[in-house]
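We will go from stop to stop, picking residues and looking at what surrounds them.

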Number of protein chains: 2
Amino acid sequence: METVSENRSFGGVQSVYKHASSTCGCDMTFAVYMPPQAANRPVPLLWYLSGLTCTHENAMTKGGFQEHAAKHGIAVVFPDTSPRGEGVANDEAYDLGQGAGFYVNATRDPWKPHFQMYDYITKELRDLIVSELNVQDRHGITGHSMGGHGALTLAMRNPEMYDSLSAFAPIAHPTRSDWGRKQLSAYLGDDEGCWAAHDSTLLLEEHGWKGDILVDQGASDQFLDLLKPEALAAAIAKRRQPATFRMQEGYDHSYFFVNSFAGDHVAWHAERLT
Amino acid sequence: METVSENRSFGGVQSVYKHASSTCGCDMTFAVYMPPQAANRPVPLLWYLSGLTCTHENAMTKGGFQEHAAKHGIAVVFPDTSPRGEGVANDEAYDLGQGAGFYVNATRDPWKPHFQMYDYITKELRDLIVSELNVQDRHGITGHSMGGHGALTLAMRNPEMYDSLSAFAPIAHPTRSDWGRKQLSAYLGDDEGCWAAHDSTLLLEEHGWKGDILVDQGASDQFLDLLKPEALAAAIAKRRQPATFRMQEGYDHSYFFVNSFAGDHVAWHAERLT
């Protein structure tokens with residue numbers, strides 16, 4: 001992998017790397033924050049999956065995670081949200097194609113050749129980071145909006161791969177939302193039976209999660225109708241899933257919401273990973 | 001003034017406002033973070049002046065000040081760095097004209113009609129905020145790069161107006177730097193006698209500052225030759241000015257540097273303002 005940039009941050013290093021991804025069939029860019037503790041020992045790794053329209057950069061610059069990761073001694077990786085580049089399919093809409101990979105493996109053209117974000121995150125990028133950086137093979141996962149959907153679904157489908165789980169304002173019930181039906185239909189086809197494996201509410205109802213889950217949701221989020229937190233909250237209650245679900249008064253969907261609670265989430269993961 | 005946006009942040013509110021500035025002869029945009037304590041009582045105000053190319057937005061989204069301001073109960077204002085808009089003079093260079101006001105009152109055309117940032121910051125915007133928001137008339141000032149220059153020069157020229165002072169990687173000796181000579185010449189004319197009032201090193205040598213000063217400078221800053229921290233450090237030592245000047249190993253000129261030390265600076269100001 002090639003180093004794009006390195007910046008000292010809170011005593012550690014915020015890096016951006018580029019590598020040729022065989023899974024996505026294109027160059028992929030990602031960011032990793034390594035805390036100061038990583039100079040002396042391998043540290044656990046927190047995955048932060050970003051939302052629609054984001055790259056690796058948004059949460060890296062606006063999420064405020066570095067301060068807390070340095071305090072707790074954990075690394076944080078910020079992957080991109082989709083394959084990109086010339087020759088990669090795209091759509092004019094902000095919520096389909098590049099910037100909107102939805103953390104699934106597309107089975108339909110024109111998306112299938114590159115849009116393999118589920119395998120990219122759970123396999124290729126994971127293997128690359130564990131082999132190249134001073135991290136333990138011990139992983140927490142979180143994310144915001146589409147990335148919260150990614151964190152919840154990847155963890156619930158692969159409980160052996162993740163040891164801690166949280167989400168910020170996740171797209172919680174995509175099979176019943178315009179943030180979901182459009183994309184799942186495009187990437188996976190119209191057989192809705194294939195969609196359930198990518199719906200946090202349905203996965204939680206059926207499988208639950210081995211540990212406890214932290215979910216923060218802004219009560220003044222402008223996308224509440226699309227996120228459907230009420231479906232996830234009901235599933236948590238119905239299954240008696242150990243979880244902390246917080247409706248945060250006055251907060252919206254922005255990074256001002258994410259960074260206000262970044263410290264709580266990093267502490268949550270650190271407690272379970274270290 | 002007109003509200004452009006409001007976002008809940010760390011229990012307080014991050015707002016962006018627009019107003020018709022008589023000083024600059026155009027609409028001006030600025031951001032203010034009001035901490036949760038401001039709901040109950042007036043709070044002190046910290047001015048954060050930004051650097052070349054920045055608007056009100058960069059430090060607001062990437063500086064990480066809100067968390068610390070909420071903890072200490074102080075408001076933070078992020079002004080724009082110049083007048084803007086059609087009809088406002090500009091230059092193709094990134095370091096002259098819009099985005100590069102240098103916190104002076106221009107006396108030369110084409111800059112004179114709008115580029116009055118010194119008066120805008122010390123008078124018009126100050127009066128507006130004190131009258132419109134729940135803040136005490138008690139002010140600290142800091143800034144980054146060109147904004148560090150602004151903070152140091154405005155405070156040393158107006159000690160009665162500011163009660164605490166710090167800077168991040170300031171342009172410390174503009175009369176002897178390409179970050180300075182070009183702009184002071186354009187805005188103030190070629191008589192270098194008029195420039196000294198806008199040079200932190202010269203002001204410090206001649207007048208000093210009534211209190212103590214905190215300056216952070218990244219030792220791996222890519223602009224050390226332009227910033228000239230050695231001139232400021234020498235002036236501090238020569239005058240026996242109470243100050244803490246920190247060369248921070250490994251840090252560059254980016255917001256990763258600024259937000260790594262934002263907490264220290266907010267605490268510094270809070271201790272002197274509250």
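A residue is called buried when its relative accessible area is under 20% and exposed when that area is over 50%, with partly exposed in between. Please keep in mind along the way that this is a predicted model.

**Stop 1**

Select B:Asp80. Its relative accessible area is 4%, so B:Asp80 is buried.

**Stop 2**

Next, pick B:Asp95 and B:Lys182. Their side chains meet in a salt bridge of 2.7 Å, N to O. B:Asp95 is in the loop between strand 5 (75-79) and helix 3 (117-132) of chain B, while B:Lys182 belongs to helix 5 (residues 181-188), so this pair ties together parts that are 87 residues apart in sequence. Colour the two by accessibility if you like: B:Asp95 counts as buried at 8%, whereas B:Lys182 is partly exposed at 36%.

Stay with helix 5 and select B:Arg181 together with B:Glu192. Their closest N and O atoms are 2.7 Å apart, in another salt bridge. Here B:Arg181 sits in helix 5 and B:Glu192 in the loop between helix 5 and helix 6 (200-206) of chain B, so the pair links parts 11 residues apart in sequence. Both partners are partly exposed, B:Glu192 with a relative accessible area of 35% and B:Arg181 with 29%.

Now hop over to chain A and select A:Arg138, A:Asp163 and A:Lys210, which are joined into one network by salt bridges that share partners. How many salt bridges are there over all chains? A search of the whole structure finds 22.

**Stop 3: a histidine in strand 2**

Select A:His19, which has its place in strand 2 (residues 12-21) of chain A. Is A:His19 buried or exposed? With 8% relative accessibility, A:His19 counts as buried. Show its side chain along with that of A:Tyr120, and you will see a polar contact of 2.9 Å between them. Then widen the view to the other residues in contact with A:His19, leaving aside its neighbours within four places in sequence: among them are A:Met1, A:Cys26, A:Asp27, A:Met28, A:Phe30, A:Glu124, A:Leu125 and A:Leu128.

**Stop 4: aromatic rings**

Over all chains, a search of the whole structure finds 28 aromatic pairs. Begin with A:Tyr17 and A:Phe30, a tilted pair with 5.6 Å from centre to centre and 40° between the planes. A:Tyr17 lies in strand 2 and A:Phe30 in strand 3 (residues 26-34) of chain A, so the pair connects parts that are 13 residues apart in sequence. A:Tyr17 and A:Phe30 are both buried.

For another geometry, turn to B:Tyr251 and B:Phe261, an edge-to-face pair at 4.9 Å centre to centre and 65° between the planes. B:Tyr251 is in the loop between strand 9 (243-248) and helix 9 (255-273) of chain B, and B:Phe261 is in helix 9, so the pair ties together parts 10 residues apart in sequence. B:Tyr251 is buried at 6% relative accessibility, and B:Phe261 is buried as well, with a relative accessible area of 8%.

Back in chain A, select A:Tyr48, A:Phe65, A:Phe78, A:Phe168, A:Tyr251, A:Phe257 and A:Phe261, which form one aromatic cluster.

**Stop 5: charges over rings**

Select B:Arg272 and B:Trp268. The charged end of B:Arg272 sits over the ring of B:Trp268, 3.6 Å from its centre.

**Stop 6**

Finally, zoom out to show both chains. A rotation of 180° with 0.0 Å of shift along its axis superposes chain A on chain B, with an RMSD of 0.0 Å. The two copies are thus related as by a two-fold rotation axis. To find that axis from chain A, select A:Lys62: in this chain its C-alpha is the nearest to the axis, 2.6 Å away.

Definitions and conventions:
Residues numbered from 1 in each chain as written. Chains lettered and ligands numbered in written order. Predicted model: local features only at pLDDT ≥ 70, side-chain atom pairs only at ≥ 80, totals over all residues. Heavy atoms only, no water. Helix = DSSP H or I, 4+ residues; strand = E, 2+ residues; numbered from the N terminus. Buried < 20%, exposed > 50% of the residue type's maximum accessible area, 1.4 Å probe, protein only. Polar contact = N/O pair within 3.5 Å; in protein donor to acceptor, adjacent residues only side chain to side chain. Contact = heavy atoms within 4.5 Å. Least-squares fit on C-alpha atoms with pLDDT ≥ 70 in both. Salt bridge = Lys/Arg side-chain N within 4 Å of Asp/Glu carboxyl O. Phe/Tyr/Trp six-rings, centres within 6.5 Å; stacked < 30°, edge-to-face > 60°. Lys NZ or Arg CZ within 6 Å of the ring centre and 35° of its normal.
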